[in-house]
Amino acid sequence: AIGTLWAALRFMPVGEATAIVYLHPVFCGIMAQRFLGEDVKCIFWVQAVLSCVGVGLVADVYGLVTNSSGALGFQGPALAITSSMCFATGNCLVRLIKGTHPLEVQVFTDTLIGVIVMPVL
């Protein structure tokens, strides 16, 4: 998730990439409903639509601010959305692990990233 976010930052501004990544609660809610059988209320869908519209405006995907379409290119937004979906998948996977505190999972993944992934990047 972090790797794809950093890759997205090569192709787009940090504010727009961050706004797109912050869609992960929307993706997490959709995945939780589909794969975990969580009960998702109507207010979630209202929030999801408002979040998507807000991120679209911030990231200017509609071309309303710059009056151009596709100015960002394809790679940056695609990588930011992939990062967002990876974060959401991680949250849903933590929910599946019974008897494990989320902090334990966070410490494990941070250690894994720090020891294995960071030296490669």
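**View 1. Helix 2 meets helix 5 in this predicted model.** Ala17, Ile20 and Val21 come from helix 2, and their partners in helix 5 are Pro77, Ala80, Ile81, Ser83, Ser84 and Phe87. Two packed helices are described by the angle between their axes and the distance between the axes. Here, the axes of helix 2 (residues 14-21) and helix 5 (residues 75-96) come within 8 Å and cross at roughly 40°. The crossing is right-handed.

**View 2. The buried residues of helix 2.** Look here for Glu16, Ala17, Ala19, Ile20 and Val21, which are buried. The buried residues of this helix pack against helix 1 (2-8), helix 3, helix 4 and helix 5.

**View 3. Helix 3 and the glycine that follows.** Within helix 3 (residues 24-36), the buried residues are Val26, Phe27, Cys28, Gly29, Met31 and Ala32. The buried residues of helix 3 pack against helix 4 (42-58) and helix 5. After helix 3 comes Gly37, with a positive phi near 70°.

**View 4. A look into the largest pocket.** This pocket holds about 540 Å³ of space. It is lined by 19 residues, of which Ala1, Phe87, Gly90, Gln106 and Thr109 are the closest to its centre. Helix 1, helix 5 and helix 6 (102-120) each give two or more residues to the lining. Helix 6 gives the most, with 8 residues. By class, the lining of the largest pocket has 12 nonpolar, 6 polar and 1 charged residues.

Notes. Residues are numbered from 1 along each chain as its sequence is written. This is a predicted model: local features need pLDDT of at least 70, side-chain atom pairs count only at pLDDT 80 or more; totals for chains, interfaces and linings use all residues. Side-chain values use heavy atoms; hydrogens and water are left out. Axes are lines fitted to C-alpha atoms, for helices over the stretch in contact, and angles run from 0 to 180 degrees between N-to-C directions. Helices (H or I, at least four residues) and strands (E, at least two) are DSSP runs, numbered from the N terminus. A crossing is left-handed if the near helix is turned anticlockwise from the far one by less than a right angle, and right-handed if clockwise. Contact means heavy atoms within 4.5 Å. Buried means under 20% relative accessible area, exposed over 50%, partly exposed in between (1.4 Å probe, protein chains only). On a 1 Å grid over the protein atoms alone, a cavity is a set of points where a 1.4 Å probe fits but cannot get out, and a pocket is an open set with protein on both sides within 12 Å along at least five of seven lines; lining residues have an atom within 4 Å of a point. Grid points are joined across faces, edges and corners, and a volume is the space filled by probe spheres set on the points. Ala, Val, Leu, Ile, Met, Phe, Trp, Tyr, Cys and Pro count as nonpolar, Asp, Glu, Lys and Arg as charged, and the others, Gly among them, as polar.
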